[in-house]
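Hi everyone, thanks for coming. Let me put the sequence and structure up, and then we can walk through a few spots together.

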Amino acid sequence: MLISGLALGAVLGFVMQRGRFCVTGFLRDIFTQRSWRGFVALLIVISVHAIGLAALTSAGVITPEYKELAPLAVIVGGVIFGLGIVLAGGCASGTWYRSGEGLIGSWIALVFYTLSAAAMKTGFLGGLQDALKDRTVGLTSIHASLGISIWPLVIALSALTAYLAVRYLREEFSGPRPVTLAPRKTGLAHILAEKAWHVYATAAIVGVLGVIAWPLSAATGRNDGLGITTPSSNLANYVVTGDTERFDWGVLLVLGILVGSFIAAKASGEFRLRVPDATQGARSVVGGICMGVGAAWAGGCTVGNGMVQTSLFSYQGWLALASIAAGVAIAAKLWLKPSAPSLNDVPSTPSTTNDTATNDTAVSATAPVTSAATSPVSLPGSEGAGAAGTEASPLAGAFAVAPVALLDRSVVKQEDGKLKPLGGGRYELDTVGAVCPFPLIEAKDAIGKIEIGEELVIPFDCTQATDAIPRWAAKDGHEVTNFEQTGEAGWTISVRRGR
C-alpha cells in the first residue's frame, strides 16, 4: 500500500504544476494585488476537504486526532513560515513541485527546509521545539468548543466558498478574457499538457485528492492525510540514518509530487534547469530554513495546517493560516517592491506611436514579434540595486543586489536601469531570470513609464507569469499583441498600453 503514496503524489504534483497552484501566491496577491481570487481557490480546497473528511469520519472510515492548541508556537511558527515562503518563492508543496520544473533555487530551499524541519523535530533543535509546543491552552477544535457536530461548520464554509467562487467567476467571464498561447497540440495532449488550467478547477481536484489521501495513508498505519513537513523531515532522517521506519507513505507522497511535476513540466515544455545567482541562492537558503523551523513550530505548513487542519476546523489550522498570512504580509511590505525610477529614466526616442498603433492592429496574439525580443534573452550580470537616497531595509544588504533581488530591484535594469528602446514606440523589459511575482510587478511598474499606445515587450521564463501577465493586461485594459513560447521554459509577451 505504500506505493499508493507515490502514485497519489505524482497525480498531485502533475495537477499542481499544470494548474500553477501556489498558496504563497494566493496569500501574496491579497497584499500586493489587492486580489482575493486566489484565496478563494484555497477556500475551495478546504471546503472540498471538509466535506470529504467529515463524511469519512461520520462513516467511521477515518478517525482524525485533534491536538491541543499551542498558540505561541503556532503564531510564531506561522509568521516565520510566511516570511520563509516569500523568500524561497513558494510554500512547501510549491517548492517540491517547482523543483520538478528545474528551478535549482527551489532545490536549495528544499534541502534546507527538510534539514531544518528534521533538526526541529528529531535533532539538536528539539529542545527549542518543545519549549514552545508544550505551552498549550486545552483547545482542540471549534465544533468541540461549541458542543456541536462538525457538519454545520462544513455547510456554512462550503456555502460561503460557493458564493465567493460564483462571484469571482462572474466577474472573470463578464470582463475581457486573457490572451492564451496558441495551441500546438490537439486532443487530450492539449488539455493535459498545454491548455491553461483554471485555478478553481485545480483547487477542486486538489481537494478531492486530499480526501482520497487520508484512507490510503491510514491503511498503512499513518493516521493523517496530505502533509509535507513531517514527510520531508522523515526523508532527511532516512537519507542520513537509513532508518526504514522513517520511509513511510508520506515520504513517497512528497517524492511523488516531484515526479509528477517533472512529468507535467517536460510534457508542456516548461522544464529547464535555471541556476540562481548568488543572492537568489542565499535567499533560498534563508527561506528554506525559515520554512522548516516555522512549519515545525506551527505544527504544519500551508498543506498540513492551511488545507487539512482548517478542514477539520481545528484551532491550530485556522490560527496557523492567519499567522502565515501575517508573515506573508510583512514580507510583502519589506521586500516585494520594485524600485520606482522617474519617467526621466526612460530613454527618449523618436516616437511613432500613432503609426505603430495603426499598423499593428492586424497582429494576432500568436504572431511573432520581429525583433530580438522573440528569443530568450540572457540575463546580464548583477547590477546596483535601488535609487540613490532611497531608505533601505535592514535586510537590504542580504537581499537587494542581484537581478532577482527582493528589495530595490530595478524594474528597468537594462542599459544602466533603463527600458531598452526597440524603436517605433516599443520597449523591451527583460525579466528572464526573475522569479514570481517579479515579472508581473515589474511589468505593472514599467507600463506606466511608456506612453499610451506604446508597446512593452517582455521576455520571461517564470511559468506562473504565463497566467499572471495576460490576466493583468486584460484586467487593466492593455492589449496583448503577441504571446508566444520561445523555447523550453521561455516566453515573450508584448503588451500595448491602453490607458
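Let's start with His49, which sits in helix α3 (residues 37-58). Helices here are DSSP runs of H or I with at least four residues, numbered from the N terminus. Please keep in mind that this is a predicted model, where local features need pLDDT of at least 70, side-chain atom pairs count only at pLDDT 80 or more, and totals for chains, interfaces and linings use all residues. Residues are numbered from 1 along each chain as its sequence is written, and side-chain values use heavy atoms, with hydrogens and water left out.

Is His49 buried or exposed? His49 counts as buried because its relative accessibility is 1%; the cut-off is under 20% relative accessible area, with a 1.4 Å probe and protein chains only. Leaving aside residues up to four places away in sequence, His49 touches Ala54, Gly207, Gly210, Val211, Leu226, Met307, Val308 and Ser311, where contact means heavy atoms within 4.5 Å.

Next, helix α6 (residues 104-121). Its 18 residues reach 26 Å from first C-alpha to last, close to the 26 Å expected at 1.5 Å a residue. Among its buried residues are Ile104, Leu110, Tyr113 and Met120. The buried residues of α6 pack against α4, α5, α7, α12 and α14.

Finally, a helix pair. The axes of α20 (residues 438-447) and α21 (residues 465-475) come within 9 Å and cross at roughly 25°. That makes α20 roughly parallel to α21, a label for angles under 35 degrees. In α20, Pro439, Leu440, Ala443, Lys444 and Ile447 meet Ala465, Ala468, Ile469 and Trp472 in α21.

Notes: Axes are lines fitted to C-alpha atoms, for helices over the stretch in contact, and angles run from 0 to 180 degrees between N-to-C directions. Helices (H or I, at least four residues) and strands (E, at least two) are DSSP runs, numbered from the N terminus. Angles under 35 degrees count as roughly parallel, over 145 as roughly antiparallel, 65 to 115 as roughly perpendicular and the rest as oblique. Buried means under 20% relative accessible area, exposed over 50%, partly exposed in between (1.4 Å probe, protein chains only). The expected span of a helix is 1.5 Å times one less than its number of residues.
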